[in-house]
Amino acid sequence: RWPRRRVPFPVRRARQKFARVALGCSHQRPPSARAHRPLRAPRDARRFPQIDDESASGCGACPVGSSCGAGSTYITECFPGSHAAVTGKESCDNCPPGSFQDVKGQAECTPCPAGSYCPEGASAPLPCPEGAYSSATHLVGAGECTPCGAGHFCTTGSTQMQRCAVGTVAASTGQGSCTSCAAGTYQDQRGATGCTPCPAGSDCPEGASAPLTGDGGSYSRRT
């Protein structure tokens, strides 16, 4: 028996093509399987958590502390100064006046602390200006801070007034610091609004809290 003779590959391909044409078969190749692969998510979308597929429409509710615009494929955390208290928000809400939020992705805003004020959408509390104070919370503007009383001073962001020390005074309200008594005057009380003239026979340098008596063997008529 003679060994079977192998047909060269080009000849075999030509014969197969002729047979398909003779039978009325299409000689075009079937569509590539690559065309049936599912589309991949955009690169930016793959960076963020995907919306949960929970509802009948295939879209999930945006969680609290975030927003999802129409047609979103990812979640956007609320920026500082805003919040989202409920699910399914298309945009985050600004913090209301008298509150602030300094962290991303939060559901609620924080009350403005004492010694400060918070306008709408604040990402941090703003301190009461020098010469004013506030022991209350939820302030909206600097005008709601209380001016410091006479005989007292208030530094920036104060929650209460401070009395002037001896040797210093605050003659008017709204002072950020106290003023030293001028030479020839003194003040031995705290929280004073004026200085007292130095008595005869004594000396009072600038900022004196008490008159100094003269040395033995000398005198002074200066007051």
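C164 is buried, with a relative accessible area of 0%; buried means under 20% relative accessible area, exposed means over 50%, and partly exposed lies in between (1.4 Å probe, protein chains only). A disulfide joins C164 to C178, with an S to S distance of 1.9 Å; the term stands for a pair of cysteine sulfur atoms within 2.5 Å. The torsion about this S-S bond is about -85°, so the link of C164 and C178 is left-handed. C164 lies in the loop between β12 (162–163) and β13 (168–169), while C178 lies in the loop between β13 and β14 (179–180), so the pair ties together parts that are 14 residues apart in sequence. C178 itself is partly exposed, at 22% relative accessible area.

Before we go on, a word about the model. It is a predicted one, where local features need pLDDT of at least 70 and side-chain atom pairs count only at pLDDT 80 or more, while totals for chains, interfaces and linings use all residues. Residues are numbered from 1 along each chain as its sequence is written, and side-chain values use heavy atoms, with hydrogens and water left out.

**How confident is the prediction?**

The score to look at is pLDDT, the predictor's confidence in each residue, from 0 to 100. Its mean for the protein is 81, and 70% of the residues reach 70 or more. Where does pLDDT stay under 50? One such stretch is residues 21–56, for which the model has 28 contacts beyond four places in sequence, a contact being heavy atoms within 4.5 Å. Another is residues 216–223, with 11 contacts of that kind.

**The overall picture**

The protein has 1 helix and 18 strands. These are DSSP runs numbered from the N terminus: helices are H or I with at least four residues, and strands are E with at least two. Of the 223 residues, 24% are buried. Among contacts with a separation of 6 or more, 31% come from residues 24 or more positions apart. The accessible surface comes to about 15400 Å², and carbon and sulfur atoms account for 52% of that; such areas come from the Shrake-Rupley method with a 1.4 Å probe, and for residues, only the protein chains shown count as cover.

**Back to the disulfides**

How many disulfides does the structure hold?

| Pair | S to S distance | Torsion about S-S |
|---|---|---|
| C78 and C92 | 2.0 Å | -85°, left-handed |
| C112 and C118 | 2.0 Å | about 80°, right-handed |

C78 sits in the loop between β2 and β3 (82–83), and C92 in the loop between β3 and β4 (93–94), so their link ties together parts that are 14 residues apart in sequence. Is C78 buried or exposed? At 0% relative accessibility, C78 counts as buried. C112 is buried at 0% as well, and C118 is buried with a relative accessible area of 0%.

**The salt bridges**

The structure holds 2 salt bridges, each a side-chain nitrogen of Lys or Arg within 4 Å of a carboxyl oxygen of Asp or Glu. In one of them, the side chains of K104 and E77 meet at 3.9 Å, N to O. K104 lies in the loop between β5 (99–100) and β6 (110–111) and E77 in strand β2 (residues 76–77), so this pair ties together parts that are 27 residues apart in sequence. K104 is partly exposed at 43% relative accessibility, and E77 is partly exposed at 44%.

K89 forms a salt bridge with D93, and their closest N and O atoms are 3.0 Å apart. K89 is partly exposed, with a relative accessible area of 21%, and D93 is partly exposed at 31% relative accessibility.
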